[in-house]
Amino acid sequence: MGIRFLTSGESHGKCLNAIIEGLPAGFNIDFEFVNAELASRQKGYGRGGRMAIETDKIEVLSGIRHGKTIGSPVCIQINNKDFENWKIPMSADVVDTELYSEVLSAKEITIPRPGHADFAGAHKYNTDDIRNILERSSARETATRVAVGAIARCVLSEFNIVGEFEILSIGGESDPHKFNSKIDEAKNAGVTLGGEIKVVYKNLPIGLGSHVHWDRRLDGLIAQAIMSIPAIKSVEIGMGRDVANFSGDKVHDEMYYNEKCTRKTNNAGGLEGGMTNGEDLVVKCAMKPIPTMISPLNSFDIKTKEPKKAHFERSDTCAVEACGAVAVNMVGIVLLNAFLERFGSDNMEQIKINYEKK
Ligand code: EPS
(Lines give C-alpha, C1' and ligand atoms only; values in the text may rest on other atoms or scores of the structure.)
Protein backbone atom coordinates (compact mmCIF):
# COMPACT_ATOMS: atom_id res chain seq x y z
CA MET A 1 0.00 0.00 0.00
CA GLY A 2 1.14 3.50 -0.71
CA ILE A 3 0.65 6.63 1.32
CA ARG A 4 -2.66 8.29 2.03
CA PHE A 5 -3.09 11.78 3.35
CA LEU A 6 -5.71 14.22 4.46
CA THR A 7 -5.37 17.97 4.66
CA SER A 8 -7.29 20.46 6.75
CA GLY A 9 -7.32 24.22 7.16
CA GLU A 10 -8.96 27.38 5.88
CA SER A 11 -7.22 30.12 3.92
CA HIS A 12 -7.47 32.67 6.76
CA GLY A 13 -7.76 30.18 9.62
CA LYS A 14 -5.02 29.52 12.16
CA CYS A 15 -3.08 26.96 10.15
CA LEU A 16 -3.07 24.26 7.50
CA ASN A 17 -2.39 20.63 8.42
CA ALA A 18 -1.77 17.30 6.78
CA ILE A 19 -1.58 13.78 8.20
CA ILE A 20 0.38 11.38 6.01
CA GLU A 21 0.04 7.67 6.64
CA GLY A 22 2.08 4.85 5.11
CA LEU A 23 5.48 6.53 4.75
CA PRO A 24 8.21 3.91 5.12
CA ALA A 25 10.37 4.06 8.25
CA GLY A 26 13.97 5.17 8.07
CA PHE A 27 14.28 7.93 5.50
CA ASN A 28 15.51 11.44 6.11
CA ILE A 29 13.11 14.29 5.53
CA ASP A 30 15.08 17.08 3.90
CA PHE A 31 13.40 20.04 5.59
CA GLU A 32 15.35 22.50 3.47
CA PHE A 33 13.99 20.88 0.33
CA VAL A 34 10.41 20.81 1.66
CA ASN A 35 10.58 24.48 2.66
CA ALA A 36 12.18 25.41 -0.67
CA GLU A 37 9.24 23.76 -2.46
CA LEU A 38 6.84 25.75 -0.28
CA ALA A 39 8.76 28.92 -1.16
CA SER A 40 8.58 27.97 -4.83
CA ARG A 41 4.75 27.77 -4.54
CA GLN A 42 4.76 31.35 -3.21
CA LYS A 43 6.81 32.69 -6.10
CA GLY A 44 6.00 34.01 -9.54
CA TYR A 45 5.33 37.35 -11.16
CA GLY A 46 1.70 38.37 -10.68
CA ARG A 47 1.12 36.98 -7.19
CA GLY A 48 -1.02 39.15 -4.92
CA GLY A 49 -0.58 40.75 -1.48
CA ARG A 50 -1.05 37.57 0.55
CA MET A 51 2.30 36.12 -0.47
CA ALA A 52 4.04 39.18 1.01
CA ILE A 53 2.47 38.30 4.38
CA GLU A 54 3.23 34.57 4.46
CA THR A 55 6.53 32.66 4.71
CA ASP A 56 5.29 29.10 4.43
CA LYS A 57 7.32 26.59 6.45
CA ILE A 58 6.47 23.16 7.83
CA GLU A 59 6.41 22.33 11.47
CA VAL A 60 6.39 18.60 12.23
CA LEU A 61 3.98 17.64 15.01
CA SER A 62 4.51 13.87 14.99
CA GLY A 63 5.93 10.84 13.21
CA ILE A 64 9.56 11.94 12.85
CA ARG A 65 12.47 11.41 15.25
CA HIS A 66 15.86 13.01 14.76
CA GLY A 67 15.04 13.86 11.15
CA LYS A 68 13.96 10.33 10.18
CA THR A 69 10.56 8.73 9.71
CA ILE A 70 9.68 5.94 12.16
CA GLY A 71 6.66 4.47 10.36
CA SER A 72 4.12 6.47 12.39
CA PRO A 73 1.71 8.85 10.67
CA VAL A 74 3.45 12.16 10.03
CA CYS A 75 1.49 15.25 11.03
CA ILE A 76 2.63 18.59 9.64
CA GLN A 77 1.48 22.16 10.09
CA ILE A 78 1.89 25.37 8.10
CA ASN A 79 0.86 28.47 9.99
CA ASN A 80 -1.19 31.24 8.40
CA LYS A 81 0.47 34.45 9.55
CA ASP A 82 -2.54 36.35 8.18
CA PHE A 83 -4.75 34.72 10.85
CA GLU A 84 -3.70 37.57 13.17
CA ASN A 85 -5.91 39.82 10.99
CA TRP A 86 -8.81 37.34 10.87
CA LYS A 87 -9.11 36.24 14.50
CA ILE A 88 -12.75 37.33 14.86
CA PRO A 89 -14.19 36.46 11.41
CA MET A 90 -12.41 33.06 11.45
CA SER A 91 -12.78 32.32 15.17
CA ALA A 92 -13.58 28.68 15.99
CA ASP A 93 -15.30 29.88 19.17
CA VAL A 94 -18.71 31.51 19.23
CA VAL A 95 -18.31 35.29 18.93
CA ASP A 96 -20.50 38.15 20.13
CA THR A 97 -22.28 39.03 16.88
CA GLU A 98 -23.51 42.38 18.19
CA LEU A 99 -20.16 43.50 19.47
CA TYR A 100 -18.39 42.44 16.28
CA SER A 101 -21.21 43.12 13.80
CA GLU A 102 -19.10 45.51 11.72
CA VAL A 103 -16.11 43.19 11.21
CA LEU A 104 -18.37 40.17 10.67
CA SER A 105 -20.54 41.81 8.02
CA ALA A 106 -17.44 43.18 6.27
CA LYS A 107 -16.26 39.60 5.74
CA GLU A 108 -19.60 38.12 4.72
CA ILE A 109 -19.88 37.33 1.00
CA THR A 110 -23.17 36.83 -0.83
CA ILE A 111 -22.19 37.38 -4.49
CA PRO A 112 -20.58 34.34 -6.14
CA ARG A 113 -17.62 34.68 -8.52
CA PRO A 114 -18.23 32.94 -11.88
CA GLY A 115 -15.62 30.19 -12.15
CA HIS A 116 -15.12 29.67 -8.40
CA ALA A 117 -16.62 27.13 -5.98
CA ASP A 118 -18.82 29.88 -4.48
CA PHE A 119 -22.17 29.19 -6.16
CA ALA A 120 -22.29 25.38 -6.12
CA GLY A 121 -20.59 25.22 -2.71
CA ALA A 122 -23.09 27.58 -1.05
CA HIS A 123 -25.97 25.55 -2.51
CA LYS A 124 -24.48 22.21 -1.54
CA TYR A 125 -23.50 23.18 2.01
CA ASN A 126 -26.70 25.17 2.54
CA THR A 127 -25.25 28.56 3.44
CA ASP A 128 -25.76 32.08 2.21
CA ASP A 129 -22.36 33.19 3.52
CA ILE A 130 -19.96 32.27 0.73
CA ARG A 131 -17.06 32.85 3.15
CA ASN A 132 -17.74 29.29 4.43
CA ILE A 133 -16.99 27.95 0.95
CA LEU A 134 -14.23 30.32 -0.17
CA GLU A 135 -12.07 29.65 2.87
CA ARG A 136 -11.62 25.97 2.09
CA SER A 137 -11.86 26.11 -1.70
CA SER A 138 -9.03 28.68 -1.77
CA ALA A 139 -5.87 27.47 -3.47
CA ARG A 140 -4.10 28.15 -0.21
CA GLU A 141 -4.83 24.49 0.62
CA THR A 142 -2.31 23.50 -2.02
CA ALA A 143 0.49 24.54 0.38
CA THR A 144 -0.14 21.33 2.35
CA ARG A 145 -0.13 19.26 -0.84
CA VAL A 146 3.23 20.74 -1.81
CA ALA A 147 4.63 19.77 1.59
CA VAL A 148 3.27 16.21 1.29
CA GLY A 149 4.61 15.92 -2.26
CA ALA A 150 8.01 17.23 -1.26
CA ILE A 151 8.19 14.63 1.53
CA ALA A 152 7.22 11.93 -1.01
CA ARG A 153 10.00 13.19 -3.28
CA CYS A 154 12.53 12.81 -0.44
CA VAL A 155 11.93 9.03 -0.75
CA LEU A 156 12.06 9.10 -4.56
CA SER A 157 15.31 11.08 -4.55
CA GLU A 158 17.02 8.19 -2.70
CA PHE A 159 16.51 6.30 -5.98
CA ASN A 160 17.64 9.25 -8.08
CA ILE A 161 14.07 9.96 -9.29
CA VAL A 162 13.80 13.71 -9.76
CA GLY A 163 11.09 16.01 -11.05
CA GLU A 164 10.83 19.57 -12.25
CA PHE A 165 8.32 21.86 -13.92
CA GLU A 166 8.42 24.48 -16.64
CA ILE A 167 5.93 27.16 -17.70
CA LEU A 168 5.07 26.69 -21.38
CA SER A 169 2.82 29.71 -21.81
CA ILE A 170 0.94 32.45 -19.97
CA GLY A 171 -2.27 33.90 -21.37
CA GLY A 172 -1.46 32.37 -24.78
CA GLU A 173 2.06 33.87 -24.88
CA SER A 174 4.83 31.27 -25.16
CA ASP A 175 7.87 33.56 -25.19
CA PRO A 176 9.09 33.64 -21.53
CA HIS A 177 10.62 37.10 -22.12
CA LYS A 178 7.13 38.45 -22.72
CA PHE A 179 5.41 36.80 -19.71
CA ASN A 180 5.83 39.73 -17.32
CA SER A 181 4.51 42.37 -19.70
CA LYS A 182 1.54 40.11 -20.48
CA ILE A 183 0.85 39.88 -16.73
CA ASP A 184 1.26 43.68 -16.33
CA GLU A 185 -1.29 44.24 -19.11
CA ALA A 186 -3.78 41.93 -17.40
CA LYS A 187 -3.19 43.58 -14.03
CA ASN A 188 -3.82 47.03 -15.49
CA ALA A 189 -7.05 45.77 -17.04
CA GLY A 190 -8.12 44.25 -13.69
CA VAL A 191 -8.25 40.74 -15.14
CA THR A 192 -6.31 37.51 -14.59
CA LEU A 193 -4.29 35.04 -16.69
CA GLY A 194 -3.85 31.29 -16.79
CA GLY A 195 -1.25 29.26 -18.62
CA GLU A 196 0.28 25.91 -19.48
CA ILE A 197 2.70 23.91 -17.35
CA LYS A 198 4.94 20.93 -18.13
CA VAL A 199 6.10 18.49 -15.44
CA VAL A 200 8.96 16.09 -16.17
CA TYR A 201 10.24 13.22 -14.00
CA LYS A 202 13.50 11.45 -14.81
CA ASN A 203 15.08 8.10 -13.91
CA LEU A 204 11.84 6.23 -13.31
CA PRO A 205 12.14 2.44 -13.26
CA ILE A 206 10.20 0.51 -15.89
CA GLY A 207 6.82 -0.86 -14.81
CA LEU A 208 5.35 1.60 -12.29
CA GLY A 209 1.56 1.40 -12.58
CA SER A 210 -0.17 -1.48 -14.34
CA HIS A 211 -2.15 -2.38 -17.45
CA VAL A 212 -4.29 -4.93 -15.63
CA HIS A 213 -6.94 -2.72 -14.06
CA TRP A 214 -8.45 0.72 -14.73
CA ASP A 215 -7.61 2.09 -11.32
CA ARG A 216 -3.97 0.98 -11.47
CA ARG A 217 -3.14 2.69 -14.77
CA LEU A 218 -0.59 5.38 -13.93
CA ASP A 219 -1.79 7.86 -16.57
CA GLY A 220 -5.27 7.78 -15.02
CA LEU A 221 -3.89 8.28 -11.52
CA ILE A 222 -1.68 11.17 -12.65
CA ALA A 223 -4.61 12.79 -14.47
CA GLN A 224 -6.75 12.61 -11.33
CA ALA A 225 -4.02 14.14 -9.17
CA ILE A 226 -3.42 16.99 -11.62
CA MET A 227 -7.11 17.67 -12.26
CA SER A 228 -7.66 17.95 -8.50
CA ILE A 229 -5.50 21.09 -8.40
CA PRO A 230 -7.76 24.17 -8.30
CA ALA A 231 -8.04 25.94 -11.69
CA ILE A 232 -6.69 23.04 -13.78
CA LYS A 233 -8.93 22.39 -16.78
CA SER A 234 -6.96 19.87 -18.81
CA VAL A 235 -4.15 17.36 -18.51
CA GLU A 236 -2.11 15.68 -21.23
CA ILE A 237 0.57 12.99 -21.28
CA GLY A 238 3.46 13.32 -23.72
CA MET A 239 2.22 14.43 -27.13
CA GLY A 240 -1.20 14.88 -25.52
CA ARG A 241 -4.21 15.88 -27.62
CA ASP A 242 -2.06 16.07 -30.76
CA VAL A 243 -2.16 12.25 -30.98
CA ALA A 244 -5.56 12.69 -32.61
CA ASN A 245 -4.06 14.57 -35.55
CA PHE A 246 -1.34 12.20 -36.84
CA SER A 247 -1.09 8.66 -38.16
CA GLY A 248 0.30 5.88 -35.96
CA ASP A 249 3.76 5.92 -37.54
CA LYS A 250 4.12 9.60 -36.45
CA VAL A 251 2.81 9.03 -32.94
CA HIS A 252 4.44 5.87 -31.59
CA ASP A 253 8.07 5.85 -30.46
CA GLU A 254 10.19 3.34 -32.40
CA MET A 255 12.34 1.02 -30.29
CA TYR A 256 16.01 0.06 -30.66
CA TYR A 257 18.25 -2.12 -28.55
CA ASN A 258 21.59 -0.69 -27.50
CA GLU A 259 22.44 -2.39 -24.20
CA LYS A 260 18.97 -1.25 -23.17
CA CYS A 261 15.77 -0.17 -24.93
CA THR A 262 16.23 3.25 -26.54
CA ARG A 263 13.92 5.55 -28.50
CA LYS A 264 14.42 8.58 -30.74
CA THR A 265 11.15 10.15 -29.65
CA ASN A 266 9.07 10.20 -26.48
CA ASN A 267 5.60 11.07 -27.75
CA ALA A 268 4.12 8.61 -25.24
CA GLY A 269 5.48 10.81 -22.44
CA GLY A 270 7.05 7.83 -20.68
CA LEU A 271 3.84 5.84 -20.29
CA GLU A 272 2.63 2.84 -22.31
CA GLY A 273 -0.27 0.64 -21.19
CA GLY A 274 -0.60 2.65 -17.99
CA MET A 275 2.99 1.86 -16.97
CA THR A 276 6.29 3.72 -16.98
CA ASN A 277 8.42 2.54 -19.89
CA GLY A 278 11.81 3.88 -18.81
CA GLU A 279 11.55 7.17 -20.72
CA ASP A 280 11.03 10.54 -19.02
CA LEU A 281 7.51 11.05 -17.70
CA VAL A 282 6.05 14.15 -19.38
CA VAL A 283 2.78 15.64 -18.13
CA LYS A 284 1.26 18.88 -19.37
CA CYS A 285 -1.66 20.78 -17.89
CA ALA A 286 -3.63 23.97 -18.47
CA MET A 287 -4.61 26.37 -15.70
CA LYS A 288 -7.53 28.73 -16.16
CA PRO A 289 -7.30 32.40 -15.13
CA ILE A 290 -8.17 32.87 -11.42
CA PRO A 291 -11.88 33.82 -11.14
CA THR A 292 -11.31 36.62 -8.59
CA MET A 293 -10.95 39.82 -10.65
CA ILE A 294 -10.70 43.54 -9.88
CA SER A 295 -12.94 44.06 -12.95
CA PRO A 296 -15.59 41.54 -11.91
CA LEU A 297 -18.06 39.69 -14.13
CA ASN A 298 -21.84 39.78 -13.83
CA SER A 299 -23.35 37.76 -11.03
CA PHE A 300 -26.19 38.08 -8.49
CA ASP A 301 -26.67 38.31 -4.75
CA ILE A 302 -27.71 34.85 -3.52
CA LYS A 303 -29.70 36.43 -0.65
CA THR A 304 -31.62 39.14 -2.52
CA LYS A 305 -31.35 37.65 -6.07
CA GLU A 306 -30.52 41.15 -7.36
CA PRO A 307 -28.01 41.41 -10.23
CA LYS A 308 -24.60 42.49 -8.94
CA LYS A 309 -20.95 42.45 -10.00
CA ALA A 310 -19.07 39.43 -8.59
CA HIS A 311 -17.33 39.67 -5.25
CA PHE A 312 -13.70 40.82 -5.35
CA GLU A 313 -11.26 39.93 -2.64
CA ARG A 314 -7.47 40.28 -2.71
CA SER A 315 -6.19 37.88 -5.34
CA ASP A 316 -3.41 37.07 -7.79
CA THR A 317 -3.24 38.32 -11.38
CA CYS A 318 -1.38 35.14 -12.33
CA ALA A 319 -0.52 32.08 -10.25
CA VAL A 320 0.77 29.77 -13.00
CA GLU A 321 4.22 29.44 -11.43
CA ALA A 322 2.66 28.54 -8.08
CA CYS A 323 0.51 25.98 -9.88
CA GLY A 324 3.65 24.46 -11.41
CA ALA A 325 5.07 23.89 -7.93
CA VAL A 326 1.81 22.20 -6.93
CA ALA A 327 1.71 20.05 -10.08
CA VAL A 328 5.26 18.69 -9.75
CA ASN A 329 4.60 17.75 -6.14
CA MET A 330 1.20 16.16 -6.83
CA VAL A 331 2.83 13.96 -9.47
CA GLY A 332 5.51 13.10 -6.87
CA ILE A 333 2.80 11.71 -4.56
CA VAL A 334 1.36 9.50 -7.32
CA LEU A 335 4.83 8.26 -8.29
CA LEU A 336 5.76 7.41 -4.70
CA ASN A 337 2.58 5.35 -4.42
CA ALA A 338 3.32 3.48 -7.64
CA PHE A 339 6.92 3.01 -6.50
CA LEU A 340 5.84 1.62 -3.11
CA GLU A 341 3.34 -0.68 -4.81
CA ARG A 342 6.18 -2.17 -6.85
CA PHE A 343 9.10 -2.15 -4.41
CA GLY A 344 7.37 -1.26 -1.17
CA SER A 345 7.90 -2.33 2.36
CA ASP A 346 7.55 -0.75 5.78
CA ASN A 347 11.20 0.23 5.88
CA MET A 348 13.76 1.80 3.57
CA GLU A 349 16.36 -0.98 3.90
CA GLN A 350 13.94 -3.57 2.49
CA ILE A 351 12.74 -1.18 -0.23
CA LYS A 352 16.36 -0.72 -1.37
CA ILE A 353 16.86 -4.51 -1.50
CA ASN A 354 13.64 -4.91 -3.52
CA TYR A 355 14.69 -2.08 -5.86
CA GLU A 356 18.12 -3.57 -6.51
CA LYS A 357 16.44 -6.80 -7.69
CA LYS A 358 14.22 -4.92 -10.19
C1 EPS B 1 -3.43 31.67 -1.97
C2 EPS B 1 -3.86 32.46 -0.98
C3 EPS B 1 -4.96 33.38 -1.22
C4 EPS B 1 -4.96 33.87 -2.68
C5 EPS B 1 -4.99 32.73 -3.65
C6 EPS B 1 -4.04 31.64 -3.31
O7 EPS B 1 -4.76 34.40 -0.31
P8 EPS B 1 -5.84 35.52 0.06
O9 EPS B 1 -7.19 34.92 -0.23
O10 EPS B 1 -5.61 35.79 1.50
O11 EPS B 1 -5.49 36.68 -0.80
O12 EPS B 1 -3.81 34.62 -2.94
O13 EPS B 1 -6.24 32.14 -3.69
C14 EPS B 1 -7.14 32.57 -4.59
C15 EPS B 1 -7.00 33.60 -5.35
C16 EPS B 1 -8.34 31.76 -4.67
O17 EPS B 1 -9.26 32.15 -5.42
O18 EPS B 1 -8.42 30.75 -3.99
C19 EPS B 1 -2.30 30.76 -1.77
O20 EPS B 1 -1.69 30.67 -0.71
O21 EPS B 1 -1.98 30.08 -2.75
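## A helix and its neighbours

Let's start inside this predicted model. The buried residues of helix α8 pack against α6 (142-157), β9 (232-237), β12 (271-272), β13 (275-276), β14 (281-287) and α10 (320-343). Which residues of α8 are buried? Helix α8 covers residues 218-227, and Leu218, Ile222, Ala225 and Ile226 are its buried residues.

These four sit on the same side of α8, because they cover an arc of only 95° around the axis.

## Arg145, a buried arginine

Now look at Arg145, which you will find in helix α6. Is Arg145 buried or exposed? Its relative accessible area is 9%, and buried means under 20%, so Arg145 counts as buried.

Leaving aside neighbours within four places in sequence, Arg145 is in contact with Phe5, Ala225, Ser228, Ile229, Pro230, Asn329, Met330 and Ile333.

## His12, in a loop

Where is His12? Look in the loop between β1 (4-8) and β2 (15-21). His12 is buried too, with a relative accessible area of 5%.

Apart from neighbours within four places in sequence, His12 is in contact with Arg50, Asn80, Asp82, Phe83, Trp86, Met90, Arg131, Glu135, Glu313 and Arg314.

## The whole chain

Time to zoom out. The chain has eleven helices and 16 strands. Its radius of gyration is 22 Å, close to the 21 Å that the globule rule gives for 358 residues, so the chain is as compact as a globular protein of that length. Along its principal axes, the C-alpha trace spans about 75 × 50 × 35 Å.

How much of the chain is buried? Buried residues make up 46% of the 358 residues. Among contacts between residues at least 6 apart in sequence, 70% join residues at least 24 apart.

## Surface and charge

The accessible surface of the chain comes to about 18,300 Å², and carbon and sulfur atoms account for 51% of that. As for charge, the chain has 43 positive and 48 negative side chains, and the centres of the two sets lie 1 Å apart.

Note on methods:
Residues are numbered from 1 along each chain as its sequence is written. This is a predicted model: local features need pLDDT of at least 70, side-chain atom pairs count only at pLDDT 80 or more; totals for chains, interfaces and linings use all residues. Side-chain values use heavy atoms; hydrogens and water are left out. Helices (H or I, at least four residues) and strands (E, at least two) are DSSP runs, numbered from the N terminus. The radius of gyration is taken over C-alpha atoms; the globule rule is 2.2 Å times the number of residues to the power 0.38. Buried means under 20% relative accessible area, exposed over 50%, partly exposed in between (1.4 Å probe, protein chains only). Contact means heavy atoms within 4.5 Å. Accessible areas come from the Shrake-Rupley method with a 1.4 Å probe; for residues, only the protein chains shown count as cover. Lys and Arg count as positive and Asp and Glu as negative; His and the chain ends are not counted. The place of a charge is taken as NZ of Lys, CZ of Arg, CG of Asp or CD of Glu. The arc is that of the directions from the helix axis to the C-beta atoms.
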